[in-house]
Amino acid sequence: MPGTPSSAFPPAPITGRMDVLDGLRGIAALAVVAYHFLARWAEPQFEQTLYYHGDAFADFFPLQIAGRFGVCLFFLISGYVIMMTLERARGLIDFAGKRAARLWPAMLFCATASTLIIDLSGTAYAYPGVERWHVTAWEYVSSVFFVPPDLSAELFGYTQSDRPRWVEGVYWTLWAEVRFYALIALAWWLSPRDRFIWVWCAIQGASTLTGFLMHMGVDGFALGAANLMFQPGELAWFTLGLVAWKFRSAVNIWPLYLVSGVAVFALLEGYVIDFNQGWPTLDDNAMGALKLYACVALPFVLFLRGSRLLKPLTWKPLIAVGLASYPLYLFHERPGMAYMHWLNEAGVHPWIGVTIAFAVTVVTALLIHRYIEEPGKNGMLGLWKPVSERLERRFPRLKFKTA
């Protein structure tokens, strides 16, 4: 009926946190952990197998894509829930404070704990070929503030004999998240509510064009800056998530289909389209990408439809893991490798060792969530509230438009 919201994705009830969404977060985080504990440091993913339990599952396709599956699902969910945050935020200052409180306390603790484990335990030198697990002061500071160590080193003229790296490899996704937050907050602030989707369509179009030109081999400073701003490899997932949220209340849905199509093209152009022949191709890489995208999209679409097939995701232990998914995501890979090394040195069977490491990692994340992440977030929000209110009174133009 004209003038009524779209029913393409019936609104899921929002009473506090959505249990199924937390279950999906839990699945995404566990998938990333499984990838790092069973496949990341084994052939063919790595030049040699570092696991004491061997590479029995390294060629298992679901495990090969588990890491990327978890990351893409996290990006989708982030794009979806960020719209809730924007609609509730008063302006740029309030939004920035809420995002910092959400991300920073857990990051500070996890990055510090990982650095201490890596640098003080000898784990950085326990595995052949990865001696550069050792964390430098520059890498630690850059990681804590979500800035790529190699980028910050270049900006400040700092050089190292080895390429600077994140404390934990997964931190690169937080850099993608932060850039997305900045971009969408700016778009939300500049555009009237009924024009936001058009503004975002232009942004996603610029991102897709940037990716297209890069795949064509075009180079240059302007394209590099566009790549930094529009991150064509990741922005499409965020876009599909936010479009899914807008479907809940959209009266005119065809712009949503348009921006969705642009985002999907961005995901496919590097795999399915052969720029030399000008025709779609389906080689092994393309088929792998399509399988991955299907695995990511299916549970999310079922969530949007409110499918009862996802009822198992409301299992309370899985919801608990979903609530703790952020610290689990931040604090698992190199600490887990340290646990496995220590257990092996103690004579524990390798498969028992990896099982214990997995369990310890999950329990540690639950404790960090309860005693570090949540209190830290609430504390930062309490401290930031009077500051943000004073800044908003002084800079009223930074408030979001209400209509």
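Gln231 counts as buried, at 2% relative accessibility; buried means under 20% relative accessible area, exposed over 50% and partly exposed in between, with a 1.4 Å probe and protein chains only. Gln231 is found in the loop between α9 (221-230) and α10 (235-246). Its phi is near 30°, a positive value in a residue other than glycine. Most residues other than glycine have a negative phi, and most peptide bonds are trans.

The model is predicted: local features need pLDDT of at least 70, side-chain atom pairs count only at pLDDT 80 or more, and totals for chains, interfaces and linings use all residues. Residues are numbered from 1 along each chain as its sequence is written, and side-chain values use heavy atoms, with hydrogens and water left out.

**Overall picture**

The protein has 16 helices and two strands. Helices (H or I, at least four residues) and strands (E, at least two) are DSSP runs, numbered from the N terminus. Of the 403 residues in the protein, 49% are buried. Contact means heavy atoms within 4.5 Å. Among contacts with a separation of 6 or more, 74% are between residues 24 or more positions apart.

The predictor's confidence in each residue is given as pLDDT, from 0 to 100. Its mean for the protein is 88, and 89% of the residues reach 70 or more. Over residues 12-16 the pLDDT is below 50, and this stretch has seven contacts in the model beyond near neighbours in sequence. Confidence is lowest in strand β2 (residues 279-280), at a mean of 54, and highest in helix α14 (residues 325-330), at 98.

Axes are lines fitted to C-alpha atoms, for helices over the stretch in contact, and angles run from 0 to 180 degrees between N-to-C directions.

| Helix pair | Axes come within | Crossing angle |
|---|---|---|
| α4 (residues 92-120) and α5 (residues 137-144) | 9 Å | roughly 160° |
| α1 (residues 19-38) and α16 (residues 350-394) | 11 Å | roughly 145° |
| α3 (residues 66-88) and α7 (residues 172-190) | 11 Å | roughly 30° |

Angles under 35 degrees count as roughly parallel, over 145 as roughly antiparallel, 65 to 115 as roughly perpendicular and the rest as oblique. Helices α4 and α5 are therefore roughly antiparallel to each other, and α3 and α7 are roughly parallel. A crossing is left-handed if the near helix is turned anticlockwise from the far one by less than a right angle, and right-handed if clockwise. The crossing of α4 and α5 is right-handed. On the α4 side, the contact is made by Trp104, Met107, Leu108, Ala111, Thr112 and Thr115, and on the α5 side by Tyr140, Ser143 and Val144. These residues divide into six nonpolar, three polar and no charged. Here Ala, Val, Leu, Ile, Met, Phe, Trp, Tyr, Cys and Pro count as nonpolar, Asp, Glu, Lys and Arg as charged, and the others, Gly among them, as polar.

An α-helix has 3.6 residues a turn, so residues three or four places apart point the same way.

Helices α1 and α16 also make a right-handed crossing. Leu30, Val33, Ala34, Phe37 and Leu38 in α1 meet Trp351, Val354, Ala357, Phe358, Thr361 and Val362 in α16. By class, this contact has ten nonpolar, one polar and no charged residues.

Helix α3 passes α7 in a right-handed crossing. The α3 residues of the contact include Phe74, Phe75 and Ile82, and those of α7 include Trp172, Phe180 and Trp188. The residues of this contact divide into 13 nonpolar, three polar and three charged.

**Single residues**

Thr85 is found in helix α3 and is buried, with a relative accessible area of 16%. Leaving aside neighbours within four places in sequence, Thr85 is in contact with Phe95 and Arg99. Thr85 and Lys98 are 13 residues apart in sequence and 8.4 Å apart in space, C-alpha to C-alpha.

In α5, the residues Glu139, Ser142, Ser143 and Val144 are buried. Phe146 lies in the loop between α5 and α6 (149-155). Phe146 has a positive phi of about 65° although it is not a glycine, and at 9% relative accessibility it counts as buried.

Pro44 lies in the loop between α1 and α2 (61-64). The peptide bond from Glu43 to Pro44 is cis, with omega near 5°.
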